[in-house]
Amino acid sequence: MFKKILIANRGEIAIRIMRACKELGIKTIAVYSDADKNALHVQHADEAIHIGDSSPKESYLNADKLIRAALDSKADAIHPGYGFLSENASFALKVASVKLTFIGPSADSIRAMGDKAESKIAMKKAGVPTVPGFEGLDSEKDLKKAGREIGYPVLVKAAAGGGGKGMRVVNDESELSESIESARREALNAFGDERLLIEKYIPNAHHIEFQVFGDQHGNLVHLFERECSVQRRHQKIIEETPSPLLISPLREEMGSAAVKAAQAVGYYNAGTVEFIVDPDTLTLRQGSGQGFYFLEMNTRLQVEHPVTELVVGLDLVQWQLRVAAGERFPYSQEQLAQHGHAIECRVYAEDPANDFLPSTGKLLQYIEPRGPGIRVDSGFTAGDEVTHFYDPLLAKLIVHAENRAIAIRRMQAALKDFVVHGVVTNIDFLQAVLSHPDFANGEVTTRWVEKTLESGSLLPENRQQAVELQSLIAAALADLAIDNRQSKIDNRSEPDPYSLWRNPSGFRN
Amino acid sequence: MKLHFNDITLDISSNGKTFALTLDDKTIQAEILHAEIGKLDLLIDGQRVTAYVSSDNAKRWVTVNGQTFVLTKSSGARKGGHAHHAAGELTAPMPGQVRAVNVSEGDAVTKGQTLLVLEAMKMEIRVQAPRDGVVSSVLVTGGQTVEREQILVKIENG
């Protein structure tokens, strides 16, 4: 096993990895940028190394600085977390070239799954269902022909793409030419690569992904699905497992397809195979392979891994470390089962009333919920500054309960106990989604948030006027108490009026 | 005494342990049961209420029953909390960093043209001209950090 690991990441995921290291007796090294000097992940580590300026390019995305830090601190492995350099094949190679272990799959697996066109070709070859479509077409004439064959609406998307960039929905042949041109331009700008692929557009899709896990001895299993259809701007907001849509034997079929997909690229460590599922064709479906399609594979640990951990009862990060060190993964597919239901809500520092734009500031209060079946993975504490440099994820709130209905109620109660002052959060918005009948019925598709917001039926919960009045009274009494206190003789000089609260009896007359 | 939050005025009188708060001719009885840093336990018209309260200059963040409100305290009950910007002033819709400034003073711009690009938390926002006009001043430079509502560019009618 490793003695010391450098975590090439920040925030909640860096802390999550450090926890697993501590439990396995491994020393941890944090890296940090200027903005993160006092960040929580730095305090959690055994050692911390400053790697540069706040801009990610100068710090968390700088491969050479990270590797230098690992060598200087005599680490024997690097965990990339998610985001940043986690899916960068040349970083994985660089790490290996200086005789350090990259905690993740091989650079070849990362590369094979990194290109949307190449991976789709590989999946077709391996017998994994893919969205009907074509890769490697160049001329507009060929794409037009392909569009007719597939049938509109179609999707043109960048082969090198991700995050919705270089992607266009084409409803009719008359829009094709313009869509190709603008998708190419965006793809070239974002990825330096203008190759496109064209495929059937499935408008009412569920996003269902399978966690896979393998060791370096050829063992590879799936750890069931995660339903991630609640999305905004291609970003997941709420994830859960099991999926309310999946029933046997579809679950087993998709699980086998996920394993097949991972095997096709010689995968080991934790990975996620994403599928889109068309509920309209599912109901008609008889044979196999219809209704679900391979979308892409994420060759890293996923943000939403905790819901899987709770339901299958495994510590995925500990197992990442153990299989990277050469251990065998001891569980066969038959030994794995789902227990109960888990939901994750991503609490973001963003303002739903301001078009979900990020909100920055100092966390004046930050109180996490507690209770049976509640887990919070977070990278912040009260007094921390939320800056504009990084992802607006404040915390992941995860609940586990015996069934879906109870898990939803547990999440609603937990969100109610989450207090964040200083930045605006999406907590109200999460509550609005959780209490919507479509969510209760498991009918949310990937475009649901957008459509429901447009229709006006997903406004933040109608604020109870009584609660608003109570808040006003609370604000007034807090201020009044301070004024009272200040008018009395007070020989201590306390510059911040709210620090008077340290002596509560002061305003109890 | 009177306190003003947003555009609401509260008239408050104290009667020993209890307070009487009047707004819009309605009077509410309230009592502070317990207080600690950032948290008040109150009795409002006989109902127990726990409120988390934080202060940031004139701003008050209050959470009651899982709902968070941001109130602005003022010296008088003037309408409108937001700063009013003149029609030709383009402001930052979010705090962040200026990634690119595409125009300079004196440039003629057309409606929809991207004048500058802001970046925050991995998100890119294009600030576009709301109408045709001429750039009368550019108040920021590339790389600069800006606050929400900060004025970025001024445009005059061409």
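Which residues are buried in helix α14 (residues 427–434) of chain A? The legends below take up this question and several others. This is a predicted model, in which local features need pLDDT of at least 70 and side-chain atom pairs count only at pLDDT 80 or more, while totals for chains, interfaces and linings use all residues. Residues are numbered from 1 along each chain as its sequence is written, and chains are lettered from A and ligands numbered from 1 in the order in which they are written.

**Figure 1. Buried residues of helix α14 of chain A.** I427(A), F429(A), L430(A), A432(A) and V433(A) are buried in α14(A). A residue is buried if 20 or more other C-beta atoms lie within 10 Å of its own, exposed if 12 or fewer, and partly exposed in between, with C-beta atoms placed from the backbone. The cover over these residues includes β11 (220–232), β12 (235–241), β15 (341–348), α13 and α15 (437–440) of chain A. Helices (H or I, at least four residues) and strands (E, at least two) are DSSP runs, numbered from the N terminus.

**Figure 2. The contact of chain A with chain B.** Here 39 residues of chain A are in contact with 47 residues of chain B. Two residues are in contact if their C-beta atoms, placed from the backbone, lie within 7 Å. On the side of chain A that touches chain B, the elements giving two or more residues are β17 (357–358), α13 (404–416), β23 (419–421) and α17 (465–487). Of these, α17(A) gives the most, with 14 residues. By class, this side of chain A has 22 nonpolar, 9 polar and 8 charged residues. Ala, Val, Leu, Ile, Met, Phe, Trp, Tyr, Cys and Pro count as nonpolar, Asp, Glu, Lys and Arg as charged, and the others, Gly among them, as polar.

**Figure 3. Helix α12 of chain A and its packing with helix α1.** Helix α12(A) (residues 316–324) is mostly covered, as 7 of its 9 residues are buried. These are L316(A), V317(A), W319(A), Q320(A), L321(A), V323(A) and A324(A). They pack against α1, β4 (77–79), β5 (101–102), β10 (206–214), β13 (269–277) and α11 (305–312) of chain A. With α1(A) (residues 11–23), the packing angle is about 65° and the axes are 9 Å apart. Axes are lines fitted to C-alpha atoms, for helices over the stretch in contact, and angles run from 0 to 180 degrees between N-to-C directions. The two helices make a right-handed crossing. A crossing is left-handed if the near helix is turned anticlockwise from the far one by less than a right angle, and right-handed if clockwise. R16(A), I17(A), A20(A), C21(A) and E23(A) of α1(A) meet V317(A), Q318(A) and L321(A) of α12(A). After α12(A) comes G326(A), whose phi is positive, near 105°.

**Figure 4. The crossing of helices α7 and α8 of chain A.** The axes of α7(A) (residues 140–150) and α8(A) (residues 176–191) come within 11 Å and cross at roughly 120°. The two helices are therefore oblique to each other; angles under 35 degrees count as roughly parallel, over 145 as roughly antiparallel, 65 to 115 as roughly perpendicular and the rest as oblique. This crossing is right-handed. E140(A), L143(A), K144(A) and G147(A) of α7(A) make the contact with L176(A), S177(A) and I180(A) of α8(A).

**Figure 5. Two cis peptide bonds in chain A.** One joins Y152(A) and P153(A), with omega about 0°. P153(A) is in the loop between α7 and β7 (154–162). Another joins T241(A) and P242(A), with omega about -5°. P242(A) belongs to the loop between β12 and α9 (250–264).

**Figure 6. Positive phi at two asparagines of chain B.** Phi of N6(B) is near 50°, and this residue is in the loop between β1 (2–5) and β2 (8–15). N65(B) has a positive phi of about 55°, and its place is in the loop between β7 (59–64) and β8 (67–74).

**Figure 7. Residues of chain A with pLDDT under 50.** Over residues 488–509 of chain A, pLDDT stays under 50; pLDDT is the predictor's confidence in each residue, from 0 to 100. Where pLDDT is low, the predicted coordinates should not be read in detail. The mean pLDDT of chain A is 91.
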